[in-house]
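Student: I'd like to learn how to read helix packing and a few other features off a model. Can you walk me through one?

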Amino acid sequence: MKRQRAGRLEGRRIILGVTGCIAAYKACDLASRLVRAGAAVRTVMTGAAREFVAPLTFRVLTGEPVFTDMFETPREFDPAHVRLADWAEAVVIAPATANSIGKIAAGLADDLLSCTVMATEAPVLIAPAMNARMWANAAVRANVRRLEMLGYRLVGPDRGYLACGWEGIGRLSAVEEIMEAVEALFARRARRRGK
Ligand SMILES: Cc1cc2nc3c(=O)[nH]c(=O)nc-3n(C[C@H](O)[C@H](O)[C@H](O)COP(=O)(O)O)c2cc1C
């Protein structure tokens, strides 16, 4: 038996941003699928995300370090968010909370994930997940429109059963759908560069 490698995302360097909601457990499956597709995946978790899933899970699934702390003394000269931002070929935030969406839309950078997003030139894909009323909220709608206007890519959310017991729009897109959106990011970039 040998370790399975080689896939549609072979050699791609992806930052997986995980924010604080119940759907964070689905990010574990996403991390595993990205790795199986050949990508190197470094996970950046918000403080709230760590209330839902342990960093160790992503550490084991990806085989890469997991980043959580903005103010960790850097081992190298440049701080973690700059290093991560430079390293990434794509940033995928799944699931993305209303809070993190709002921060990115406003250009705020008060934790490692939002700083990394502000510091990167890589395309950023955002997969929101939240209660249906939060998703319908006028401020959230305006933030989502602003993200789209600024060139961020969004996938979902889908309609369906929500962990809070509601039915409606706010469910994290299926992991397969997020994978397709990640592949589309790279395909679009390759087309633009003519390779
Ligand atoms: C049990 C529970 C579930 C939550 N689910 C969501 C959710 O699905 N979507 C969301 O936007 N916020 C959700 N929240 C609220 C976020 O955790 C909160 O806004 C937090 O500040 C998000 O921080 P972050 O964006 O830095 O991860 C939930 C909170 C709790 C306690």
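Tutor: Let's begin with handedness. A crossing is called left-handed if the near helix is turned anticlockwise from the far one by less than a right angle, and right-handed if clockwise. Keep in mind that this is a predicted model.

Student: Is the crossing of H1 and H2 left-handed or right-handed?

Tutor: H1 and H2 cross in the right-handed sense. On the H1 side the contact uses Cys28, Ala31, Ser32 and Val35, and on the H2 side Thr57, Phe58, Leu61 and Thr62. Sort the residues of that contact by class and you get 5 nonpolar, 3 polar and no charged.

Student: What else describes a packed pair?

Tutor: Two packed helices are described by the angle between their axes and the distance between the axes. Here, helix H1 (residues 24-36) packs on helix H2 (residues 55-62) at about 15°, and the axes are 9 Å apart. Angles under 35 degrees count as roughly parallel, so H1 is roughly parallel to H2.

Student: Now H4 and H7: at roughly what angle do their axes cross?

Tutor: Roughly 50°, with the axes of H4 and helix H7 (residues 138-149) coming within 9 Å. H4 and H7 are therefore oblique to each other. Their crossing is left-handed. From H4, Ala98, Ile101, Gly102, Ile104 and Ala105 meet Val140, Asn143, Val144, Arg146 and Leu147 of H7. By class, the residues of this contact are 7 nonpolar, 2 polar and 1 charged.

Student: And how does H4 pass H5, left-handed or right-handed?

Tutor: That one is a right-handed crossing. The H4 residues in the contact are Ser100, Lys103 and Ile104, while H5 brings Leu113, Ser114 and Val117. As for geometry, the axes of H4 and helix H5 (residues 112-119) come within 10 Å and cross at roughly 35°.

Student: Let's turn to the ligand. Which element gives the most to the shell around the ligand?

Tutor: Helix H4 (residues 98-106) does, with 3 residues. To read a shell, list the residues around the ligand, then ask which come nearest. There are 14 residues around this ligand, and the nearest are Thr19, Gly20, Cys21, Thr97 and Met130.

Student: How many residues of each class does the shell have?

Tutor: The shell has 8 nonpolar and 6 polar residues, with no charged ones.

Student: What about peptide bonds? Which residues does a cis peptide bond join?

Tutor: Check omega along the backbone. Ala94 and Pro95 are joined by a cis peptide bond, with omega about -5°. Pro95 sits in strand S4 (residues 90-96). Gly156 and Pro157 are also joined by a cis peptide bond, with omega about 5°. Pro157 is in the loop between strand S6 (153-154) and strand S7 (158-161).

Student: Last, the whole chain. How many helices and strands are there in the protein?

Tutor: You'll find 8 helices and 8 strands. For overall extent, look at a box along the principal axes: the C-alpha atoms of the protein fill roughly 45 × 40 × 40 Å.

Student: What does the radius of gyration of the protein agree with?

Tutor: Take the chain length and ask what a compact globule would give. For 195 residues that would be a radius of gyration near 16 Å, and the protein has 16 Å, so the two agree.

Key:
Residues numbered from 1 in each chain as written. Predicted model: local features only at pLDDT ≥ 70, side-chain atom pairs only at ≥ 80, totals over all residues. Near = placed C-beta within 6 Å. Helix = DSSP H or I, 4+ residues; strand = E, 2+ residues; numbered from the N terminus. Nonpolar A, V, L, I, M, F, W, Y, C, P; charged D, E, K, R; others polar. Axes fitted to C-alpha atoms, helices over the stretch in contact; angles between N-to-C directions. Contact = placed C-beta atoms within 7 Å. Parallel < 35°, antiparallel > 145°, perpendicular 65-115°, else oblique. Rg over C-alpha atoms; globule rule 2.2 N^0.38 Å.
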